[in-house]
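Hello,

Please find the structure below.

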Amino acid sequence: MATPPSFTKVMDNAVTETWYAMMPDVIDNITDSIATLALLRERGRFKTQNGGQDITRTVRYALPSVSNVSKGDILPQGETQSKTAARWTWRYTAGHVQRSIFDDQINSGPDKVKDYVTDRIEELMLSLEDDFEEKLHAATVTDESGKAMQGLNDAIPVSGSKSTGTYGGIDRSNSWWQAKYKAGTAPKEVNLLDDMKSLYNTIDSGGKGHPNYIVTDQTLFEVYENYALDASQIIKDEGTKLADLGFNVLRFKGQPMIYTTEAINATDMLMLNTDFIDVVYDPKMWFNLGPWKDVPLQGERIAHVINACNLISPQLRR
């Protein structure tokens, strides 16, 4: 007959083994449930980094000057300071699986263990999914304080905050460390398409890197769908797997466009180049289930999943 300690260990092992068997699917389910993360992962923008005090990227902000010269002229000289380092802190997300030894006993029969264990894991998966989506579209934190993963609004704050605070430890007051902006023109039903073309071309800057992903709120998405959309664009999205995952996808200049009901600023539209957005994570601390621990003086057992990651962009003008 199993003693209580050995019985508890059996249930610990059952949950742990099931978690690691399900972990690839858990990661797929979480990233694929959030359009932006699904697209970034599909495009190879999930990057690993083993440890380190910070997540760093080299940022080029100037080029050496070039002069036109002729015989007798003095040639240009002097080294141009053209690069600096952007530094982002690791952000940590903690979720947990918690069980009661009383529930363990009730569900210990061979026909119940699997459902009981799967239910605990699905609860953790859903909580992590909600947290990632919320933080991805959370409001800007201009001083980069806090514990949450930085999101799209940290890279591209509202225009009134574009020169306020820091991003990647670099002062946003530097003109080269700001996104491109354009105010919408009323009425949007008439002017939205022209505004979108203007911003798209401003970011592209003559072919140097056009946006390849557009995120907006439901209101602007529907205005575009109803008033601005060429009928030829109302087709299944073929260039990404977003439509296959169930997302409502339109196209602008051939680029996928989605809406989110999360905390994107109302009537804002983000035109992004995903070549310059990375989700950096430490594979040693990425959806790994930690050891089981007793909750003092209670019949509870708890294990945590702690993820180390952050979302960064080293080219805000893109």
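A charge counts as sitting over a ring if NZ of Lys or CZ of Arg is within 6 Å of the ring centre and within 35 degrees of the ring normal. By that rule, the charged end of Arg 99 sits over the ring of Trp 292, 4.5 Å from its centre.

This is a predicted model: local features need pLDDT of at least 70, side-chain atom pairs count only at pLDDT 80 or more, and totals for chains, interfaces and linings use all residues. Residues are numbered from 1 along each chain as its sequence is written, and side-chain values use heavy atoms, with hydrogens and water left out.

There are 11 aromatic pairs (rings of Phe, Tyr and Trp, the last by its six-membered ring, with centres within 6.5 Å; planes under 30 degrees apart are stacked, over 60 edge-to-face, the rest tilted). Among them, Tyr 224 and Phe 252 are edge-to-face, at 6.2 Å centre to centre and 80° between the planes. Tyr 224 is buried (under 20% relative accessible area; exposed is over 50%, partly exposed in between; 1.4 Å probe, protein chains only) at 2%, and Phe 252 is buried at 3%. Tyr 281 and Trp 286 are stacked, 4.5 Å centre to centre with 25° between the planes, and both are buried.

Regards
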